[in-house]
Amino acid sequence: MAAVQKPAAGKPGLEEEAAPVHRIRITLTSRNVANLEKVSADLIRGAKEKHLKVRGPVRMPTKILGITTRKSPCGEGTNTWDRFEMRIHKRLIDLHSPADVVKQITNISIEPGVEVEVIIADV
């Protein structure tokens, strides 16, 4: 019996190389929850339209920065205090995709007050 060779699928040297898949972590930070949720929903919708593997949004614990100060400017009078706080909300989104696709996904309108940080790592 003679060995039969299968012909190559395409011309040699013209095979397409698949873009390397990266693990991308997008961190969203804001003081306004509504803007933060809107941006994260837009990012996830865009990623699912491209059929990417998406994890998130992971809701991280809210940081509460507080300051307690006296109401009276001169220090005289009744000891009354004001308490101010600022809440910082954070969301994490993990994607598995080529780096060029992430540029298309993150090309959305980001709401004011939302900070976006993108970290790209090899799988």
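This is a predicted model: local features need pLDDT of at least 70, side-chain atom pairs count only at pLDDT 80 or more; totals for chains, interfaces and linings use all residues.
Reader: What is the mean pLDDT of the protein chain, and which elements have the lowest and highest means?
Author: pLDDT is the predictor's confidence in each residue, from 0 to 100. The mean for the protein chain is 85, and 85% of its residues reach 70 or more. Among the elements, H2 has the lowest mean pLDDT (77) and E3 the highest (95).

Reader: How many helices and strands are there, and what counts as one?
Author: Helices (H or I, at least four residues) and strands (E, at least two) are DSSP runs, numbered from the N terminus. The protein chain has two helices and four strands, in the pattern β-α-β-β-α-β along the sequence.

Reader: What does Asn35 touch?
Author: Contact means heavy atoms within 4.5 Å. Not counting residues up to four places away in sequence, Asn35 touches Glu111, Pro112 and Val114. The Asn35 side chain also reaches the backbone oxygen of Pro112 at 3.2 Å. A polar contact is a pair of N or O atoms within 3.5 Å; within protein, one must be able to donate a hydrogen and the other to accept it, and residues adjacent in sequence count only if both atoms are side-chain atoms.

Reader: Which residues does Thr69 contact?
Author: With neighbours within four places in sequence left aside, Thr69 is in contact with Thr80, Trp81, Asp82 and Phe84. Thr69 and Asp82 are 13 residues apart in sequence and 5.4 Å apart in space, C-alpha to C-alpha.

Reader: How do you know that the length of H1 agrees with its residue count?
Author: The expected span of a helix is 1.5 Å times one less than its number of residues. The 17 residues of H1 should span 24 Å, and the end C-alpha atoms are 24 Å apart, so the two agree.

Reader: What caps the N-terminal end of H1, and what comes just after the helix?
Author: Asn32 is the cap, with a side-chain oxygen 3.1 Å from the backbone nitrogen of Ala34. Just after H1, His51 takes a positive phi of about 60°.

Reader: What makes a set of residues a nonpolar core, and which members touch the most others?
Author: A nonpolar core is a set of buried Ala, Val, Leu, Ile, Met, Phe, Trp, Tyr and Cys residues joined through side-chain atoms within 4.5 Å. The largest one has 16 residues, of which Ile26, Leu28, Leu43, Ile93, Leu95 and Ile105 touch the most other members. Strand E1 (22–30), helix H1 (33–49), strand E3 (81–97) and helix H2 (99–105) each supply at least two residues of this core. H1 gives the most, with five residues.

Technical notes:
Residues are numbered from 1 along each chain as its sequence is written. Side-chain values use heavy atoms; hydrogens and water are left out. Buried means under 20% relative accessible area, exposed over 50%, partly exposed in between (1.4 Å probe, protein chains only).
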